Amino acid sequence: MYIDNKHYKHFALTMLFFKECPHPDDTQRTELGHRLGMEPLQVKFWFQNKRTQMKTQYEHTENNKLRAENEKLQAENLRFKEVLDNAYCLHCGVPTPVTKSFSPEHEQLRLENSRLRKEIDHISSVSTKSVGKTIPTSMETTSSTSHLHSGNFKAIYEDLWSSLNNGGQNERHRPVVDIAMSAMEELMRVAQLGEPLWVPSIDRNSFVLNEDEYFRSFSRIFRQKTNGFKFEASRESVFVPTRAANVVEILMDTEQWLNIFSGVVSRATNVQVISAGLGGTYNEAALLVNAEFQVPSPLVQTRESIFLRYCKQHYDGIWAVVDVSLDNLLVTSSVTCRRRPSGCLIQDTPDGHSKVIWLEHVEVADGGIHSIYKPLITSGLAFGARRWVAILEGYCERLVRTYSIGVPTENGGVNQVCKRSMIKLAERMVTRFCCGVSSSIVNTWTNLSGNGNENVKFMTRTNVDDPTMPFGVLLTIATSFWLPVPPKRVFDFLCDNNTRKEWDMLLNGGDIEEMAHIVSGREEFNRVKLCQLKGSDSSSSQTMIMQESRSDPTASYIVYAPIDVVCVNKVLGGEDPSNIPLLPSGFAILPDGPTGRGLGRGMSVQTDTGGSLLTIALQILIDSTPSSNLSIESFSAASKLMRSSSDKIKLALIPRIKCNVQVMENDESWWELKEYF
């Protein structure tokens, strides 16, 4: 077979570059594109597809290993069960089968088996969608979603966009073309129309979608609402301090979209880059995306969806990015979240800003919502358009503070280069916290048994290859609860260095002092800071705390992580913080529902009324040896630490209640966790 020598050299050059640098920056992409005669955007998408392919191959190998390990564990479990069932007394020979009680080791093995099953199923699903080949497992069943998992499905999209961009009329792909075009048309109209499609709410402070009018006017993609599903529709507009092209890039770069909107998106992958766009832009770009949408709490089930994301620049300079689910082309019963045409319109303004109109329109399976989160979620405030635009606006304000030369530096001698390094590390810290506290399929939570622990969950992980986290055995323990206290008061209390010793048991009653900080938003309380213990000796001063406090009208976060002095010096020196290991803990604060003093759009977390939904998550390095097992003593100490911290927060904010506050200083097992600080 003859191979074009020129193309072979280009391929060899690209593969050599990929091995050395799988994540090229803009300069490297431009240089490589010049050498290959390609647009930088084409190079970017080639690298994205190549990373996806390599990840799929790795997951396929890991899947085989996990399946073999799972079979081994199943055989051991059967052997253990047989031994327990046939147990007898060594003294009298009387059979004493053990059928009701289980040792902690046996229970841990059972939980590990369950985790492995879920991981195998997840890897099989991801590999199938990415490669188009079904990976069999011991629990494989025939599903009505097999059409989605067929190898031809990806090819249909590739042929579809080739046909679309070349003006073809391939009837085989016409239904999918119609969906893309109809979704874009519907977004343009629904996002801009007024009454009778959008009518004033009861308090006349917002607008709600008129479902009857919607179904009369728009029925080309989805017909009537599915039985057992409920509607959530919302629309918001905002002016953000960045150009429209930057907003489009955020939405069309799935990895960047996940990192920026981590408060709503817990997991997102490109199933396929269908079209990279025209003329080196995102115009006519199309992606097939698999994403999970979340509320930052292990008590709230995530919403998984596979949807087409299509971008188009219209004649009047408006950019539009639309999402639409494609499950109506398939015979499937497993869909629990269907994205009707949703997305945003972005248009530049003369002052260098851009106007964004955001539309969220979904159908979700009704029921299964935890009681304390039901008012927030059923009102659409948890996943609605207001939540998305608040995050986008906050991110753009953070960019202004980070990259604007005119913004003065803050205390601690933080210069411009150092400021960018701190912001970058803090963003990764918050993203890791948000994704790690959700009920995503990649987080295998276990309920903590015992009185008063119904909402406390934990999980263990072993890190052996991720340099962005400490190596070893990691324990995450989290809980969510309601407080009859306004979100702003909770946020101010948890941000205050003077009151930190009231809830942070790892301080052992000591105070912390702030060494440096930078303001990361328009408001003073949005900041990143470095702290250390007051009067710490030479041993404990080797570790400091990095913390970001972040608040917008829909949610607030206080996220912190221990960081050693060597890494702090790298950050203050402006070095790339990408591989600095972090294990973040912290708080997520949400309003408890839509009611308030005439606030038709829901309670703002920056007001002094209403109640709060507080999520606490602690992540602890139990043992730096990956082969170690979680000891009962370490787990018990971590559980007591969580209970004591939550009780002390309740006691400080609601003095009238009685909490079962543990005296941690008298518990010897607690001192094992001092190394965490």
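The legends below describe close-up views of a predicted model.

Local features are drawn from residues with pLDDT of at least 70 and side-chain atom pairs from pLDDT 80 or more, whereas totals for chains, interfaces and linings use all residues. Residues are numbered from 1 along each chain as its sequence is written, and side-chain values use heavy atoms, without hydrogens and water.

View 1. Strands here are DSSP runs of E with at least two residues, and helices are runs of H or I with at least four, numbered from the N terminus. Seven of the seven residues of β18 (residues 585-591) are buried, that is, under 20% relative accessible area with a 1.4 Å probe and protein chains only. Ser585, Phe587, Ile589 and Pro591 point one way, and Gly586, Ala588 and Leu590 the other. Two strands pair if DSSP finds at least two bridges between them. β18 pairs in the antiparallel sense with β17 (residues 556-564) over five bridges and with β19 over six bridges. Isoleucine 558 has phenylalanine 587 as its bridge partner, while alanine 588 stands opposite threonine 615.

**View 2. Serine 612 in strand β19.** Serine 612 belongs to β19 (residues 612-623) and is buried, with a relative accessible area of 0%. A polar atom of the serine 612 side chain lies 2.5 Å from the backbone oxygen of valine 485. Residues that serine 612 touches (heavy atoms within 4.5 Å) include Trp482, Pro486, Ile589 and Leu590.

**View 3. Surroundings of isoleucine 346.** Among the residues that isoleucine 346 touches are Ala244, Leu251, Trp319 and Val356, not counting residues up to four places away in sequence.

Definitions and conventions
Buried < 20%, exposed > 50% of the residue type's maximum accessible area, 1.4 Å probe, protein only. Polar contact = N/O pair within 3.5 Å; in protein donor to acceptor, adjacent residues only side chain to side chain.
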